[in-house]
Structure formats: structure tokens, C-alpha cells
Amino acid sequence: MNDFQKNVIERLSRHTRIWIVGGAVRNQVLGLESPDMDLVCELSPEEVQDILREQGFSVQIIGRHFSTASIFTEGSKVDVVQAEELEKDAQRRDFTINAIYQDPVSGELYDPMEGRKDLEAKILRACGKPDERFREDPVRILRMVKFAVKFSLEIDPDTWEQATDHLSFLSSTSRERITAELAGILVLAEAEKAVRMLDRIGYWDMYLPELARLKGLEQNQYHSLDVWEHTMAVFRNTPEDLYLRLAGLFHDSGKWEVASRECHVSGTLKFADQNYLLEGFKIVGTRGPRELEYKLKSFIGKKIRILGARLDQYPEIVQFKKVIDGEPANFGLIYVENGKRHFLMHEAASARLLADVLKRYTFSMFFDGVGKKQEQRLIKLVENHMQATLVFMPEFRGEIAKRPFKNRVAELVWKVCWDGRNFELKNIHDFLILWKADYQAGKLHTTTQNNIFERIFAELIAVALWQKENLMQLDWKLFRQYAMQQGLSGSSLGTFKDLVRKRAMEEMKPELNHAFLKKVYWEFKNL
């Protein structure tokens with residue numbers, strides 16, 4: 001016990017007998033520390049509050065069904081509940097391993113549910129009748145998973161069965177409590193085990209089908225794992241950090257929506273209701289809003305054949321790749337023999353799904369810093385997680401890139417780190433952690449490719465540090481003179497300044513000389 005806990009017990013012991021129960025006793029039996037402590041005594045929460053407030057403690061009464069007096073200090077908490085009979089109190093607790101009582105003065109143990117025996121046998125068992133325990137508080141289902149994985153326990157079959165049967169009861173539980181348990185589960189050392197256990201119990205199917213439907217989703221020939229197993233591998237490669245674990249869990253969640261197979265579609269191109277149509281198939285682009293206008297507008301009313309990718313889940317939609325030369329011989333859709341498997345724009349789809357999931361939970365409460373801002377950073381991280389692979393594809397393929405390596409590195413770093421107001425160095429850290437987890441969970445790589453990866457990884461860090469340092473060194477005196485000469489003010493001045501800052505960091509030119517400003521101003525005028 002720490003001094004705070006000892007002090008609370010000493011004050012209350014003057015008025016009633018105190019018993020320690022729950023995690024503090026369980027952890028002591030296991031030889032582990034416990035920052036928080038649960039106490040039971042015959043006093044009501046109101047009486048506990050009155051006694052301790054007189055001694056200068058901050059006490060709050062929380063909970064509707066089992067009122068608890070909670071006493072807080074920095075880094076530690078003590079909860080006190082009323083119990084006139086320990087055996088009855090034990091009956092209503094969640095699991096036998098949490099229903100062991102200890103007298104803080106004598107050290108005497110009272111174990112009416114034989115929780116210590118279950119601990120020694122590595123068994124997790126609900127107290128009394130499992131169905132009643134889960135009906136009382138369905139969140140215990142998630143706690144069951146957490147305890148089983150955290151302490152390497154086998155779940156009693158009846159407890160498991162009743163937890164599965166009562167899973168739907170979680171829908172009536174506050175999202176704050178559910179999120180708190182999930183947050184604890186996702187940062188476990190063996191969190192993958194817990195994620196798979198939640199899958200077996202049916203949690204993902206019932207509450208997060210965005211993840212459940214990834215099981216069995218086939219990838220292309222370069223991947224030996226389906227999307228679910230790949231996701232588990234990425235998740236496994238992330239550190240014990242809630243933010244990064246969520247990124248790993250949802251980074252490819254959008255693949256279900258955009259999964260497609262390469263095909264040819266032939267027919268007469270039509271344009272109706274702002275859509276391009278070919279033999280009843282809606283043709284959509286993946287490279288910006290004007291891609292189809294540029295590539296297909298001139299073919300309206302003509303017979304053409306395109307190479308595309310038909311979506312698995314939305315078979316009436318074909319993603320455009322290119323127009324095939326020559327008039328088609330037959331109309332309709334034909335899959336390309338041994339054609340490619342595509343997940344075009346899956347990053348954007350994953351980011352949209354994650355944004356929706358975050359609205360259904362309260363993970364922002366558990367992020368460091370401003371939670372809502374962190375949510376937006378997380379969505380951006382998922383949306384950009386393929387950028388390094390795409391930008392440096394020439395290096396991995398052994399091809400000659402069209403643009404210098406250093407320029408591409410600097411542009412990617414700026415895109416990842418600049419949020420419009422601040423340069424967030426942590427962004428590149430998280431980006432690289434996720435990229436490495438994804439890279440290592442993907443297809444097998446050659447030694448040459450691994451060396452290239454390490455080179456790019458190191459260069460991204462070096463350039464991020466350079467931009468962070470030199471961004472603060474930019475001298476805006478000459479810029480102001482130049483902008484004044486051009487008659488810039490208000491929003492146009494701000495837009496020009498943003499572009500100058502961006503180009504200075506991307507081109508790694510911290511000195512804003514006249515030639516540089518003139519070049520950027522020409523670009524600004526032609527935006």
C-alpha cells in the first residue's frame with residue numbers, strides 16, 4: 001500500500017472494520033502492484049464521505065446500482081462500497097479472482113468464492129450464476145476478455161457460454177464504459193489474443209462489422225494473408241499505445257468496400273445524371289474529380305472498351321483504369337484472366353469508416369492531449385498510411401523515378417507533419433511506426449528491398465528534424481517587402497505566405513531570397 005491508501009484505511013478503521021477486496025488483493029496474490037484499491041465496510045457511502053471530508057480528502061459518490069465513495073489523489077484512487085455481509089458482497093462481484101478479501105491490519109484473507117484456488121489453477125470464473133452477473137453488468141463480458149488475456153487465464157466454460165449468450169446486453173450499456181474496457185484491452189501486451197477472443201465471442205460481428213467482414217477477404221497474388229490476418233499482423237507489430245493500435249486495427253478496414261477484380265467493359269458510352277455509363281455499369285474514377293471528364297468525355301456516344309476493376313460488393317460499379325485502343329468486338333463485361341485484385345483508394349475508405357467508428361465510441365477520452373484533435377490526426381494517419389509505399393515505389397521496384405528522391409522525401413514529410421498551423425513532429429513518428437508495421441506484415445521482401453526501406457525510413461526522420469528546426473529559422477522580412485511590392489494583403493497575402501512556407505520546406509531552402517520568392521509568386525498567380 002502507498003501512503004495515500006494507508007491514510008484512508010487508517011481514518012476509516014477508527015469507525016468500522018475495513019476489508020481490501022478486488023484487484024489489489026488479486027494482484028498481491030500474483031505478486032503485482034496495484035495503484036488503485038477497493039475497500040468494503042459497513043458504512044454507507046455518505047458516511048464515508050462525511051468522515052473523510054472532515055479529514056480534508058476529496059470524495060465523490062458515484063454509481064446508481066452499487067453506490068461507491070471514490071477518493072482520488074494523483075496517480076491513485078480508493079473506492080469504498082458498503083457491505084454488511086462479505087459473503088453477499090462476494091456473490092455480486094464479477095469474478096472469483098476479484099472476490100478475495102484481506103484485513104489490512106492482520107493480513108487475514110477471507111475467500112468465500114475460492115478465488116485464490118482459481119488463480120492458482122489459472123481459471124477465470126464468474127461469481128455465483130454467470131447469467132445473473134452478466135445481466136447485472138454486461139461490461140463484465142469485456143472485463144472477462146481483459147482479465148483472461150492479461151493474467152493468462154482459461155475461461156470457465158459456463159462463464160464463456162453465458163457471456164456469449166448475453167453479448168447483446170452490451171447495447172444498453174453506456175459507450176463510455178464500453179470504450180474504457182476496449183481501451184484497456186487494446187493496449188495489453190498480448191492484445192492480439194484479446195482481439196481474436198472478441199472475434200470468437202461475436203463482439204466484432206455484432207458491434208463492429210467493419211472489422212468482422214475482413215475475414216476471408218482475399219488479397220492479390222503478392223499477399224499470403226487475407227485482409228483480416230494481415231490486419232492482425234499489423235496490429236501485432238504496433239507498440240502498446242491505444243492511438244497506434246487503433247490505427248493498426250482500422251488501417252485497411254475500407255478494403256471490403258473497394259475490393260475489386262480487373263475486367264474489360266465494352267459498349268457504347270453514355271452520360272446521364274452526371275454519371276458515365278457503359279452497358280449498364282457505372283464508371284467511376286479514382287484519380288481526382290476531373291479524371292473521367294479528361295479521359296472519357298470525348299468518347300460519349302461512341303463504342304469503346306475500357307480496362308477497369310469491378311467492385312465485389314457493388315457489382316454495378318466499375319473503377320476506371322484506361323481506354324483500350326480499337327473498337328470492341330463484343331459488348332458487356334469480361335473478367336481479365338489472371339487479372340489483378342485491386343483495393344483502389346482503400347485508404348480513403350478506411351479513414352471514412354474510422355471516422356464513423358470514433359463517433360460510436362469515446363476513445364478521445366483516452367488519448368494524450370486534446371482528444372478530438374487526436375481523433376482527426378488518427379483519421380489523417382489512416383488516410384495517408386500508403387503514401388510512403390506509393391511515393392517510393394520506383395525505389396522498391398528498381399526503377400528510375402521521374403522526380404528526385406530528396407524532393408519526394410521532403411514533400412511527404414511536410415504533408416504528414418504540417419497541420420495548417422503547427423509542425424507536429426510526432427506525426428512522422430506515428431506515420432513511420434504504422435508504415436513499418438504494415439511493411440513487415442505484407443508480402444515477403446528481398447534483402448535489397450529491406451535495405452531500401454531502412455534508407456527511406458532514416459531519410460524521412462532526418463528531413464523531418466531538418467524541417468522542424470529550419471521552419472523556425474525562416475526570415476520573413478524580405479517576404480513582407482516582396483509581398484508589399486506585389487500589392488498583396490488580407491487572405492491573398494496569407495495564401496501566398498502558406499505557399500512560400502510549403503515550398504521552402506519541400507525544396508529545403510530556408511533562405512527566402514528574391515529569386516525564390518519570384519518563382520513561388522509565379523506559381524501563386526497561376527493557381
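Tutor: Buried means under 20% relative accessible area, exposed over 50%, and partly exposed in between, with a 1.4 Å probe and protein chains only. Cys127, at 0% relative accessibility, counts as buried. Cys41 is buried too, with a relative accessible area of 2%.

Student: What kind of model is this, and how are residues numbered?

Tutor: This is a predicted model, where local features need pLDDT of at least 70, side-chain atom pairs count only at pLDDT 80 or more, and totals for chains, interfaces and linings use all residues. Residues are numbered from 1 along each chain as its sequence is written, and side-chain values use heavy atoms, leaving out hydrogens and water.

Student: How many disulfides are there?

Tutor: A disulfide is a pair of cysteine sulfur atoms within 2.5 Å. By this rule the count is 0. Cys41 is in no disulfide, as the nearest cysteine sulfur, that of Cys127, is 20 Å away.

Student: Which residues gather in a patch of negative charge on the surface?

Tutor: Patches take residues with over 30% relative accessible area and no salt bridge, joining like charges within 9 Å and nonpolar side chains (Val, Leu, Ile, Met, Phe, Trp, Tyr) within 5 Å. A salt bridge is a side-chain nitrogen of Lys or Arg within 4 Å of a carboxyl oxygen of Asp or Glu. Asp and Glu count as negative, and a charge is placed at CG of Asp or CD of Glu. Here the negative patch holds Glu46, Glu47, Asp50 and Glu54. Glu54 is exposed, at 67% relative accessibility.

Student: Which residues form a nonpolar patch?

Tutor: Leu425, Ile461 and Leu465 do, with about 220 Å² of accessible area together. Leu465 is partly exposed, at 47%.

Note on methods. Accessible areas come from the Shrake-Rupley method with a 1.4 Å probe; for residues, only the protein chains shown count as cover.
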